[in-house]
Amino acid sequence: MWTFLRSLFGLSPVRAKAPTRQGLPSADTPEKRQQTAATLLALRSGKQLIHFRDHYRHAFPAFHEDRRLLPREMAGRFAQQTFHVQAEIVPAYLFHPNGHVRQAAIEALSPGHLTAFTIIVLAARTNDWVEPVRERALARLLDLLPRAEPYVLESALPVLIRRSPSWRRYRVVNGVVSSLPESELLDQVFTVEEARSAAISMLSSLMAGPTTRIFRTLAKYRWIDPHLETLSLEARANGIRRAATAALLQGEVYWKRSPSPADFRLPGRPDPALEHRPLTIHPDIPRVFAAAARDRTASIRALAAEALIRLGPDAFPAETWEHLKAEKRPSVRSRMDFFRRKWIDDDLPDYLKDGG
């Protein structure tokens, strides 16, 4: 009515006032930004990385203001404005409930944001429920990994190796599930040379967690072979030293096959089969054997005893294994008893002679 009367008397119509908001409502005051930064710090430092879950987004209550006050399609533009002036809180917005904001946060990430926590969260965004977010997360992950500090990669890789098999959405492109082997997330991560170098350093220094399982996951990659001798001697985790030693003495390495997309459509949990491959190197077997026979860990000395059972007493100098005859640990003693019966006393049953 007022618009009609103003036009009747030749007055210009009242125009709607343009919105003056700049940035996201969840970051429009210093107090909100400080709270977001404090919550991010608490999540990053107060939780073990392996416990990361997507429900961390509920730790940021201010994000609900963005959903309530902004049209969904405008959230990305306001996020860009926020991140331009408040770069320090960008990683927190990887948990935002709006896909446009998450994608803007992914684009705004820089090498300065790369903590182990941020790398894991970015990798988890490859499992995002929004396909464009998944695509950009994977591209940014591969782009940023070479620029991460080595110690950051070493901290992030054990979690990424353990968690990524359960992230399957990145395989879905335009509604089609890719079954190509190279579509595995870890395969793509380890196209980055810096990630490979960090993986070797991580295997050398790792002590906690399922160390053998982590080694087995990496065993399918041929680039690990030149480092097996060093790992067999210097890795801090007994399980990694044992797995590397076994691979060298047996000439092959094995791992569990990653479940295919079809496996997850079957009832129950998938049961991955073991796969194996021959080594691509020619290790110094006598040196590896001598070190295994003197290793402080009984299960590794048992590997030396198994090599004697397979190859016989003349395969290695006697001075490198004679002490195993007096071994007291049951796992080693039982094998040395079998070795003696097979090669010294010759009293094994016929069906065991060839197979022992």
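Is the crossing of α13 and α15 left-handed or right-handed? In this predicted model, the crossing of these two helices is right-handed.

## Packing of α13 and α15

Two packed helices are described by the angle between their axes and the distance between the axes. For α13 and α15, the angle is about 15° and the axes lie 9 Å apart. Because angles under 35 degrees count as roughly parallel, α13 is roughly parallel to α15.

Both helices contribute several residues to the contact. From α13 come N238, R241, R242, T245, A246, L249 and Q250. They meet S299, I300, L303, A307 and R310 of α15.

## The nonpolar core

The largest nonpolar core contains 103 residues. Helix α15, residues 298-311, supplies the largest share of this core, with 9 residues. The residues with the most contacts inside the core are Y93, I119, L160, F190, L203, F215 and L218.

Leaving aside residues up to four places away in sequence, Y93 touches L24, S26, A27, T36, F63, D66, F83, V101, R102 and A105.

## Helix α10

Helix α10 covers residues 193-205, which is 13 residues. At 1.5 Å a residue the helix should span 18 Å, and its end C-alpha atoms are 19 Å apart, so the two values agree.

Which residues of α10 are buried? They are A195, A198, A199, I200, M202 and L203. L203 is also among the residues with the most contacts inside the largest nonpolar core. The cover over the buried residues of α10 includes α8 (150-163), α9 (185-189), α11 (211-218), α12 (228-234) and α13 (238-250).

Methods. Residues are numbered from 1 along each chain as its sequence is written. This is a predicted model: local features need pLDDT of at least 70, side-chain atom pairs count only at pLDDT 80 or more; totals for chains, interfaces and linings use all residues. Side-chain values use heavy atoms; hydrogens and water are left out. Helices (H or I, at least four residues) and strands (E, at least two) are DSSP runs, numbered from the N terminus. The expected span of a helix is 1.5 Å times one less than its number of residues. Buried means under 20% relative accessible area, exposed over 50%, partly exposed in between (1.4 Å probe, protein chains only). Contact means heavy atoms within 4.5 Å. A nonpolar core is a set of buried Ala, Val, Leu, Ile, Met, Phe, Trp, Tyr and Cys residues joined through side-chain atoms within 4.5 Å. Axes are lines fitted to C-alpha atoms, for helices over the stretch in contact, and angles run from 0 to 180 degrees between N-to-C directions. Angles under 35 degrees count as roughly parallel, over 145 as roughly antiparallel, 65 to 115 as roughly perpendicular and the rest as oblique. A crossing is left-handed if the near helix is turned anticlockwise from the far one by less than a right angle, and right-handed if clockwise.
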